[in-house]
Amino acid sequence: MKRFQVNTRSRRLRRYLGIGLGRPLLGPQVCSLEITHHCNLQCSFCETHGILQETPITKRREYAGGRRKMDLETIRRLVGELAEVGTDLVELSGKGDPIVHPELTEVVRAIKDTGMGCALVTNGTMAKPDLAPTLVERRLDRLSVSLNSGSREFFLKSNKRDLWDKAVGFLTDVLAERRKAGGERPWVRITHVVTKENVGDMDNMVQVCADLGVDEVSFYVMGELPETAHLQLDQSECGRISESAARWGRILEDAGVVHALPVFAAELKLRTRSDRIQENPLQRKLPCYEGWMFCVIAPDGVVDPCCYCEEVELGNIHDQSFREIWYGALYREFRRKSLDIPRTGVDICKECFTSCNRAVENRRIYNRLHPMSPMPAEAGPVSVGSP
């Protein structure tokens with residue numbers, strides 16, 4: 001099976017040309033649409049609902065207009081605007097679990113009806129019995145399930161609720177429904193955020209992906225907050241991951257599971273700790289390209305440039321069209337500062353030089369734009385089948 005893709009080569013080239021010109025020629029490659037911020041888990045590493053946070057985001061965030069859930073009418077209008085500017089993929093994800101939205105399947109239908117791709121990120125534990133067949137019927141393009149463990153014991157340790165059977169059952173149901181339908185959608189991915197709480201379960205985290213027969217697995221370095229710094233991996237743990245990465249990779253490749261373990265290992269080295277604060281030296285040398293490739297829209301309509309830059313508000317879809325925001329003055333200024341990072345040494349958000357996980361991707365884009373003077377890469381993604 002091929003690696004999941006959300007756009008064509010010609011559209012990628014147009015985005016790269018826009019970066020060279022300093023202005024976008026298309027909408028974002030991916031829009032992370034947060035239709036709700038509610039979640040039923042309290043994962044330790046989570047900055048929005050984690051058990052180590054004083055309060056969940058739904059209690060500490062001020063929602064513009066009191067809008068805590070995006071209504072279907074607004075979503076239909078918005079996805080039409082996103083399609084109009086050339087967005088490739090709308091990912092229902094963010095700071096909550098989209099499957100708690102009462103009209104989720106109609107949201108998926110609205111996105112697919114525009115011709116854009118649609119992806120869903122969920123922990124899977126609140127799925128109703130009819131959700132798996134409905135997502136297959138609606139031809140959801142990608143399903144990402146945040147498992148963060150490979151066994152019941154570590155699921156409980158990381159996620160704080162004994163819902164392992166629910167999560168694995170949902171994955172099993174979706175894969176079974178897909179086989180029944182004889183199709184390849186949704187592309188099914190398991191994601192793992194690796195911390196001190198679950199690093200001892202890495203063997204099982206790899207094996208569960210192979211056993212279930214999912215399409216892809218992604219491992220992530222934990223973002224760091226003052227409350228979660230003690231969960232960051234130390235050098236010996238990072239070393240053990242690096243030593244085992246090739247073995248894990250062979251297990252996954254033999255099972256036909258796409259992975260990027262070399263990238264994960266590289267990011268572990270990049271985001272080291274000094275006095276309990278992460279340091280990301282690579283991102284200090286690179287522009288950030290998120291202003292051309294990505295955006296986040298919250299339940300109340302606020303538009304942010306990425307998941308990390310949530311303090312940078314670029315507009316609200318209830319006050320302006322998405323086109324006006326995307327091509328507006330605030331976005332233009334954000335993009336200018338993003339390109340100037342290597343020259344000025346000034347970050348564009350508080351996590352640029354610490355826990356941002358976009359450095360490797362920014363390097364990849366930089367090297368595409370500067371083929372005569374590329375920045376050396378330690379590792380690249382490994383996939384099974386055609387790219």
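Analyst: The lining of the largest cavity comprises eight nonpolar residues, one polar and one charged. Here Ala, Val, Leu, Ile, Met, Phe, Trp, Tyr, Cys and Pro count as nonpolar, Asp, Glu, Lys and Arg as charged, and the others, Gly among them, as polar. The residues concerned are Gln283, Cys288, Glu290, Cys306, Tyr308, Cys309, Ile341, Cys349, Cys352 and Cys356. The model is predicted: local features need pLDDT of at least 70 and side-chain atom pairs count only at pLDDT 80 or more, whereas totals for chains, interfaces and linings use all residues. Residues are numbered from 1 along each chain as its sequence is written, and side-chain values use heavy atoms, with hydrogens and water left out.

The largest cavity has a volume of about 50 Å³, and the count of cavities of 30 Å³ or more is one. On a 1 Å grid over the protein atoms alone, a cavity is a set of points where a 1.4 Å probe fits but cannot get out; a pocket is an open set with protein on both sides within 12 Å along at least five of seven lines, and lining residues have an atom within 4 Å of a point. Grid points are joined across faces, edges and corners, and a volume is the space filled by probe spheres set on the points.

For the second largest pocket, the volume is about 350 Å³. Its lining has 19 residues, with Ile57, Arg60, Arg61, Lys95 and Glu310 nearest the centre. By class, the lining of the second largest pocket holds 12 charged, five nonpolar and two polar residues.
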